[in-house]
Structure formats: structure tokens, C-alpha cells
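Hi everyone, thanks for making time this morning.

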Amino acid sequence: MTKHECDIIYILSKNGFVNQRTLSEETGLSLGLVNRSLKNLENEGYLSGDMSLTEKAKDLAHNHRPKNAIILAAGFGMRMVPINHDMPKALLVVHGEVLIERLIGQLKDAGISNITIVVGFMMEKFEYLIDKYGVELIANPDYTTKNNLHSVLLVEKHISDTYIVPCDLWFDENPFREAEFYSWYMLSDKNDPTSNVRANRGCELVKSHKNEESLKMVGLSYISKDDSERFRKLLATLAEMSSSDSCFWEDALFLDHEWNIFARVVSDASVFEINTYEDLREFDNNSNSLNSGAISVIADALHISPNDIRDISILNKGMTNRSFLFWCHGQKYIMRIPGEGTGILINRKNEAAVYEAIKGKNLCDDPVYLNPENGYKITRFLEDIRVADAFNQDDIKTCMKKLKEFHDMKLKVNHSFDIYERIDFYENLWEGRPSIFSDYAETKAKMIRLKEIIDSTEKDYVLTHIDAICDNFLFHKTEDGTEGLQLTDWEYSGMQDPHVDIAMFCIYSYYDKEEVDNLIDIYFDGKCDIKTRRKIYCYIAICGFLWSNWTEYKRILGVEFGEYGLRQYRYAKDYYKYAMELCD
């Protein structure tokens, strides 16, 4: 039986026969093809003379009922800033309905009650769905580092006569059917320059050739029992590839050149994909989910309407904060939203005091808005910026010159950054959990011994940046066309020995010892005495130990930083040894 004949059986099962022209309109087939298909179906015993379905056709439809559905809801939904920090995208309220609940309701209306939801980000917020709808939740532990291929792999044994459903889709009419005769992937009829797929003349999903128009990928799909084994093998093949962490599950559909899944093309007006805050605002300007604290802050701070905030886009998720860009009345801004656990780690009143101390000193742009209670901050966006290259000698020299100018200002605030106090503070946040490093106690004892060396060495005590890493040195175009340099991210700043900033630059850049010594020589114009060099080695060791403690706390919160923590712990051990060697 052909795809066209299957489509006609389904239409007749739902609406009955009116005339061939109506069937042509409902299926998108030509009148000639409809006529031939009806004759074939009648000859094969699926239609009676009056074009009603026979028992054979009804049995066929019954035997092709979908068995289950899998909803993919594990991801961060990072493009949903500024509302994704406290609500998964699937739980947004759209036109009075929770997005994922509408999908569940539509599935149940089609007779599908076996529903599995793959969760990850804020998975606890989905728990109520178990009691309300009888769904099953499966947690994806890799949602922070891997794409949705790995969500599908978790449930691949369940895939047989199965819908695969993205959690961010709103369908005007129910897209799920009581009978599905073949596997398909949904496209909209909208041309999409970011897509690389289309439907060919046989209604199959294929890759677009150069200069061919591509259609928007909706993401909803159906995998029949007949194709399920082939599909699982394709998933396994894709998972074995070196690039699999970044793969979407759809990539598996194009690995077998002997099998093309059918494309189900729908009107773009019938489905709405909610990827961004602005998508939601466009589709439902009255949604309660639009009541973002960050948007309200921007509107109040800039004296504008929330609708004036446009072109919102995510910046890379930082190690401490989430930030996003937006446009308003011709000016581009950055909004900072403090990240997980930040309220415990950073005193925002102290941060505000630092910005007051550096105001007008040509060190950075003054914030447009800074809330000393919750850390929300708005700054103007610098165009044509680039971060310092820690391995470019010209950049390093410029950065160290700027850093020394700042240190020589000898600015004062009423709070300090005590490295040893912070080490103990982060350790206490582990709530009794042991360190992941087996020799942690021994290493910590070595860090305490280094304090004696530091305390015995002459040093200044001034406002210090603390987080003076290469990524926080921003080169930008000035009004006269030259390249300026600013220091950003002052949230850890406080009174301290300014040479701590040299150590921080080194350990974030993953410098080896030769590169460390080169940076010290640049800062001191080749005139660093051995006691000061030894002191900086001590700072590299204890600062590495400090940030390894910090990453252990962030890991408890579910935030991973890969090899960063391991590297920092290694600095603690290696530079303890180097510092002790200079004591001989």
C-alpha cells in the first residue's frame, strides 16, 4: 500500500467520503492521483462501492494505532532568557495552558496514554505530572553537556509505533492521530534559510542541495514498529561518532541512504515553536510566564515599556552568572542575572561599593543599573570587543600595563577578599561531603604553610580585582577609532595584595611555569625580586586551591566546569613545590 493510499484511508476514517475534489484538498494530492488511489483501494478490498471503509480497512487502521509517546524536555532552554533561570521551557503558560500539559492532553485525546518525558534541567518541577497524568519521567544526567540525541538514547527501547515530541511546540489543532501507517518527520511549509532539509517529490525527508529552498524543521516525528529496529541501529551508529555529544537525534535519519523517512508537511500557521522570550511574547503577549523579574528591572531602570525590549539573545553561560543581550531605543545592553548559589558566594553590596570606588577612573563603563541586594546589573554593550589573548605578547603587555595602572591608584573600600577565609567558606558549603580529591587534607595543610611565607613578605594592601583573568580584559573601539581596554566583572573585588591578580591571570590561562615567569617579568619590567616571585608562586598555589574548592561547591549545585577544577587543584600542588624550592 502506498503512502497516498494510507493517507486516503485515514481521511475517510475521520471524515467519510464527500467527493474526490474534497479528498484532493484534504490530502494535497492531484485529482488524478486520488482517482487512481481510490480504484486501487477498492480493488484491494479496502473500500466498498460507495467509498466507505470495509472491515479490512478498519482492521488495518486498528492495527496501526500509535502505542506511546516520548516528550523531550531535558534541555536548559537557554534561548528563553530571561525566564529560563527559574522555569523550564516546557512549563511555560501559553494562552492559559501549560505548554507540556497541552501536548499531553492532545496525546490523550488521540488515545495515547503511555507517555514518557525525558527531563533534566529543573527536573523536580515536572514531578507533579506523574500524579496528574500518569506519565513516566526519565532523567537525563548528561543534559548539561550533551544534545538531545542522548535523551532519545535513554528511551530508545520504548520506540515502536511512537511519537517523538519536542516540549516547546504549540499546535492549533491536534497533530496526533488514532492511526499512523508509516514513519514520518514533520516540516512546516515555511522556507527556512537555517534549515538544510526539504520534502522531495515522493514526500520523503531529504537533505537540500545547494540553492534549493529548505523547509522549517518542526521536530515532531513518528517511528513505526516496522522501522523501529532500523531507527535504533541508526541511533547507535550516531552515538559512536566522535561528535555525538553535540548531535541532535534527527541527524540519525540521514545516515542510511537506503531509507528516507516520509515528511509530513503542515501549514506554518498551524504550529508555533517557542524558542525565545520574544517568541512567547509574539504568540501570547498576556502569558503569565512573561512576568520576568529581569524584564521588569530593565523597564524600570530605563523608563521604558517591556515591549520596547527587543532582540534578546543569550550570551555564553558564565562560570558565575547568566547574561543576555537586548536592544532598546537604538542602544544595545547586557543584563546580568546571578547564577546558581551566587547569593551565598558574592556580597552584592560590596560589589556596588567597588563600582563606586572605580567610577570615573577609566577602568570600565559605569553600570546603568546595579541592585546591591540581588546582583542584577545592566551595562551598555561595547561594540567590536574582543577578550585578551593570553598567548599574545602584545595583549599581555597591554593587560599588565592596565592592571599595574589600576594597582598604582591604591583605591580603598571597606571590605577585603581573604583567600584563606574563602577556602574555608567554600569547604563549609559542601555540607560535610568529602572532597573528590583523595589527598585534599594533605594539600590543604601545604596551603596553610604557604601563608607563613606570604605574611613574611612585604606587600601593599589595596583594592584588587581578584578575577583578573584574560576573559575579563576587554579590548574595544574608542570614539577616536583607537583600541581601548577595560576590566570587567568586579564582583569578587576587595582589599588584598594586588599581586594576587597576577596569579589569577596565570591560573585561568593555564600557563605553564615558563609562561608564568614571563608574565611576572612583563608586569615588573624584568625587575621582580626573588621574594616577590616566590610570593606570587604562593598565590598561584592557594588561588588554585581556592577555585578548586569553588568548583566542588558548584558541582553540588549541578554545575560542571570540566577540567577547570582539576587544573586548579594541580596548580595548588605544583606551585607549592615551586615556592618551597625558592625558600632554599
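Find Asn68 for me, please: its bridge partner in β6 is Thr162. That pair belongs to a parallel pairing, in which strand β1, residues 68-73, is joined to strand β6, residues 162-166, by five bridges. Keep in mind as we go that this is a predicted model.

β1 and β6 sit in an open sheet of seven strands, and the order across it reads β5-β4-β1-β6-β11-β8-β12. The pairing in that sheet is mixed. From one strand to the next, the twist averages 25 degrees.

Which strands stand at the edges? Those are β5, at 136-139, and β12, at 262-266. Each of them has a single partner strand, so one side of each has no neighbour in the sheet.

Strand β21 covers residues 473-477, and four of its five residues are buried. What does β21 pair with? On one hand there is strand β19, residues 386-387, running antiparallel to β21 and joined to it by two bridges. Here Val387 has Leu474 as its bridge partner. On the other hand there is strand β22, residues 483-487, which is also antiparallel to β21, over five bridges. Leu474 turns up again here, with Gln486 as its bridge partner in β22.

β21 and β22 make a hairpin, with five residues between the two strands.

Last stop, two helices. As a reminder, a packed pair of helices is described by the angle between the axes and the distance between them. For helix α15, residues 440-455, and helix α18, residues 530-556, the axes come within 10 Å and cross at roughly 145 degrees. That crossing is left-handed. On the α15 side, the residues making the contact include Tyr440, Met447, Leu450 and Ile454. From α18, among those taking part are Arg534, Cys538, Ile542 and Phe545. How do the contact residues divide by type? Ten are nonpolar, two are polar and two are charged.

Conventions
Residues numbered from 1 in each chain as written. Predicted model: local features only at pLDDT ≥ 70, side-chain atom pairs only at ≥ 80, totals over all residues. Heavy atoms only, no water. Axes fitted to C-alpha atoms, helices over the stretch in contact; angles between N-to-C directions. Left-handed = near helix turned anticlockwise from the far one by under 90°. Contact = heavy atoms within 4.5 Å. Nonpolar A, V, L, I, M, F, W, Y, C, P; charged D, E, K, R; others polar. Pairing = 2+ DSSP bridges. Buried < 20%, exposed > 50% of the residue type's maximum accessible area, 1.4 Å probe, protein only.
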